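Hi everyone, thanks for coming.

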There are 2 protein chains.
Amino acid sequence: MATPHTRDTGIGLVGFDGDDTLWKSEDYYRAAETEFESIVGRYIDLADPRTLGHLLTVQRRNLKIFGYGVKGMVLSMIEAAIEMTDRRVEVRDIERIVEIGRDTLQHPVDVLGGVREAVEEIARDYHVVLITKGDLFHQERKIAQSGLADLFPRIEIVSEKDPGTYARVLAEFDLPASRFAMVGNSLRSDVEPVLALGGWGIHTPYALTWAHEAEHGVDADSPRLREVAHPRDWPQAVRALDQLARGAAA
Amino acid sequence: MATPHTRDTGIGLVGFDGDDTLWKSEDYYRAAETEFESIVGRYIDLADPRTLGHLLTVQRRNLKIFGYGVKGMVLSMIEAAIEMTDRRVEVRDIERIVEIGRDTLQHPVDVLGGVREAVEEIARDYHVVLITKGDLFHQERKIAQSGLADLFPRIEIVSEKDPGTYARVLAEFDLPASRFAMVGNSLRSDVEPVLALGGWGIHTPYALTWAHEAEHGVDADSPRLREVAHPRDWPQAVRALDQLARGAAA
C-alpha cells in the first residue's frame, strides 16, 4: 500500500504544537504568576478587581514589542509590579521576579503521557512537523530536553501562529492547506488559523489555558475539526480526517 | 553559460549575516549601554575597574539561560544594576532600564550602504540565504523593516552560530560546506564555524564589535577567508572564492 504521503490527495502532513500539546508548559507559567502575586500581594490588595487583571493587561500591551515567552513575561512582571505598587515595590522583590524568570526558563520538560507513541504511529504514515511558538532559545532547549527531536525531521519555531505563518510553512513543504492537519491544545493558535486556510484541526485541550489563548473564533461544529481528549486517540483522528480530505478531493 | 548554482562544483550558496553586516545593530546596543552606565554611574564610581566589566560578566553568565538579544540584555542590566549598587538602585531607575529595552527593540533599521546592490548582484548567480542570530521576534521585525526580505528566498533565524547550526542549515540545502561561503562582520560567529566545517568566509568588519564577539580563533591568513572592507566588494570576493572552490574540487 502506498503510504499516504506519497499519494496526491488526503492528509500529507501533520503538524504538532509543542507547549501543552507534547509537553507541560502552562503549569510553569501559572506557578510563576502565583509567585508574582505573592510578591505584589504584600504591597496591595489582590482581591481588588482592578489589580487582578493588571499583569495580563501589561503582558498584552507588550506582546507587540516583546513577543511571546518567558523573558517578555518577566519584563512585563517587573513593569506590572512597579505600576501596581506605585513604585513602592522593593528592589529585593524585583530581584526575586528576575529569579522567577530564570527558574521558569529552566523548568524540567515533562512529555505528556502517550505522546511519543502517538507521534511515532502517525509518523509511520504521514510526514510530521513540530510547529511551536515562542522564544527561539527556550523552545530549542525544551525540544532537546523533551527527547522528541528524533521524531521530527523538521522543526519550525515561529513568533506567531497566524494564517500567514502556517501558509509559509506549507509553502516550504509545497503542500496545499487542504492536505494539512494540525494537532494542538490552542483553538486560537493551532486550530483557527489552519481552518481559515482550508486545513484540518485536531484539538486536545490542556487542563490550563492562558487567558490570551482562550479567545478564539473557532466553530466547534466544523467538520474539519476533531476534538480529541487524549494523545492516544490522535492516530485515529488523523486517519478519519485523511478519509474526509480524500473524499473532499474526489 | 550555466549559472554557478546549477553546476556541481564551486560556491553554490552564499550566506549573509544580518546585524552589523546588512544593517546597523551594535550602535543601538552601545547607546543602551551608555544609558545604563549613566544610570548606575549616579550610585557608584564607574572608573573603578571592578565595576566597568560587570555588565559583560552578568551578560555572559546569563547567555546560557537567556540567549542572545535585547530582552536578555535588559534582564542582565537589571540584575547588574542591582548587584553593582548593592541593591541601592531606585525602582524608578529600574523602570528606566526596562524603557531602554523597549527603545532598543524599536530602533530604526538602517541598511548599510551598498548592501542591497551587492546582494542583488550575488543573487543573480548564486543561491543566497540570510542567517541571523538572536531573538526570533526582534529579528523578524528587523528583517521586515530592512526591506531586504524580498532578496532572500530563505531566512534562518538561529539561536547560536556554531558549526552544528551551519551544518543543519547546509543539510537543508543538501550542500557540502566546501560549496558554501558566509559573509559577515563577526569572525567568531560568521567565519570561524564555517571555516571549521570546510567552508569559505568573507569578513567585513563593522566599526563596533561586542566584546563577546571579539574573541575568536580565526587564522587571518587562511586562504579560505577574504577580508573585504565594503559591501560593494562582496560580489568580486564571492567570485574569487568560487574560482578557488572550483580549483579545489578539480
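This is a predicted model: local features need pLDDT of at least 70, side-chain atom pairs count only at pLDDT 80 or more; totals for chains, interfaces and linings use all residues.

If you want a box for it, the C-alpha atoms of chain A fill roughly 70 × 35 × 30 Å along the principal axes.

Next, how are chain A and chain B related? A rotation of 180° superposes chain A on chain B, with 0.0 Å of shift along the axis and an RMSD of 0.0 Å. The two copies are thus related as by a two-fold rotation axis. The contact surfaces fit with this picture: 97% of the interface residues of chain A are also interface residues in chain B, so the copies meet through the same surface.

Now the interface itself. Here 33 residues of chain A are in contact with 33 residues of chain B. The area buried between the two chains is about 3200 Å², and carbon and sulfur atoms give 64% of that. On the polar side, 10 residue pairs are in polar contact across the interface of chain A and chain B. Which elements of chain A give two or more residues to the side that touches chain B? They are α3 (54-66), α4 (70-84), α5 (91-105), α7 (136-146) and β3 (154-158). By class, that side of chain A has 17 nonpolar, 6 polar and 10 charged residues.

That brings me to the charges. Side chains of opposite charge can pair when their charged atoms come close. Over all chains, the structure has 40 salt bridges, and the count between chain A and chain B is 4. One pairs Glu95(B) with Arg87(A), with the closest N and O atoms 2.4 Å apart. Another salt bridge brings together Arg102(B) and Glu79(A), at 2.1 Å from N to O. Arg102(B) lies in helix α5 of chain B and Glu79(A) in helix α4 of chain A, so this pair joins two chains.

That's my tour, and I'm happy to take questions!

Conventions. Residues are numbered from 1 along each chain as its sequence is written. Chains are lettered from A and ligands numbered from 1 in the order in which they are written. Side-chain values use heavy atoms; hydrogens and water are left out. Contact means heavy atoms within 4.5 Å. Buried area is the accessible area (1.4 Å probe) that two parts lose on being put together, summed over both. A salt bridge is a side-chain nitrogen of Lys or Arg within 4 Å of a carboxyl oxygen of Asp or Glu. A polar contact is a pair of N or O atoms within 3.5 Å; within protein, one must be able to donate a hydrogen and the other to accept it, and residues adjacent in sequence count only if both atoms are side-chain atoms. Helices (H or I, at least four residues) and strands (E, at least two) are DSSP runs, numbered from the N terminus. Ala, Val, Leu, Ile, Met, Phe, Trp, Tyr, Cys and Pro count as nonpolar, Asp, Glu, Lys and Arg as charged, and the others, Gly among them, as polar. Copies are superposed by least squares on the C-alpha atoms of residues with pLDDT of at least 70 in both.
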